[in-house]
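Hello,

Here is the structure I promised to pass on to you.

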Amino acid sequence: MGDLSQLFNPATIALLGASEAEGSLGAAALNNLLESRDRKVFPVNPKQKKIFGIPCYPNIADLPEKADLAVIGTPIPIVPGLVEECGRAGIREVIIFSAGFLETGEEGKGLLRDIDECRKRYGMRILGPNCLGFIRPGAGLRVSFLGSRPEPGKIAFITQSAAFGKTLLDWWIGAHIGFSIFVSL
């Protein structure tokens, strides 16, 4: 499995599909990332020059430095191409929030195969698709579009089901149960 530190403790993060549109996944994820302590965050969106007053880049190749982690929250048809761009740029850690792959039938299965081929070709580690990302409360890091803010603690929670994970996370937050990390696969 190797060293997971670049995935779960990245110094630089690129958000592909960043937005400032209220209520959008791209805005929620970007707001969470901008609250992160001691991390450089690069919004990526070819339609924007600035988002929330910070420079926005048209694609991964235009970033001022290589990101440790790329987070993708775009419509599913363009996700495989973005994963390919990440691979060419040397980014080996990717999280895909985008949903609707297997649910769309053969087309979605084909897109997943394309993503898996990129993963193998570039030696990438991919969390998702259709995941909530992860939250490390003690590190002040929320690589997620969730508004949830769990307390720091000693429980590491990993879930395959986003719906189940969100339900438990909300319940545990209400019960003041803290986490070292929450991960949605």
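Let's begin with helix H4 (residues 106-122): at 1.5 Å a residue its 17 residues should span 24 Å, and its end C-alpha atoms are 25 Å apart, which agrees. The expected span here is 1.5 Å times one less than the number of residues. Helices (H or I, at least four residues) and strands (E, at least two) are DSSP runs, numbered from the N terminus.

Before going on, please note that this is a predicted model, in which local features need pLDDT of at least 70 and side-chain atom pairs count only at pLDDT 80 or more, while totals for chains, interfaces and linings use all residues. Residues are numbered from 1 along each chain as its sequence is written, and side-chain values use heavy atoms, with hydrogens and water left out.

Which residues of H4 are buried? They are Gly 108, Gly 110, Leu 111, Ile 115, Cys 118 and Tyr 122. Seen down the axis of H4, these buried residues fall within an arc of 160°, so they line one face of the helix; the arc is that of the directions from the helix axis to the C-beta atoms. Glu 106 and Lys 120, on the other side of H4, are exposed. Buried means under 20% relative accessible area and exposed over 50%, with partly exposed in between (1.4 Å probe, protein chains only). The cover over the buried residues of H4 includes H3, S6 and S7, where contact means heavy atoms within 4.5 Å. After H4 comes Gly 123, with a positive phi near 65°.

Now to the sheet. It is open, with 5 strands in the order S2-S1-S5-S6-S7 and parallel pairing; two strands pair if DSSP finds at least two bridges between them. Strands S2 (40-44) and S7 (125-127) are its edges, each pairing on one side only. Inside the sheet, S5 (residues 69-72) and S6 (residues 93-96) pair over 4 bridges, and Val 71 stands opposite Ile 95 in S6.

Finally, the core. The largest nonpolar core has 24 residues, and Leu 16, Leu 63, Ile 72, Val 83 and Cys 86 touch the most other members. Such a core is a set of buried Ala, Val, Leu, Ile, Met, Phe, Trp, Tyr and Cys residues joined through side-chain atoms within 4.5 Å. S1, S2, S5, H3, S6 and H4 each give two or more residues to this core. A second, separate core of 23 residues includes Ile 13, Val 41, Ile 51 and Leu 69.

Best wishes
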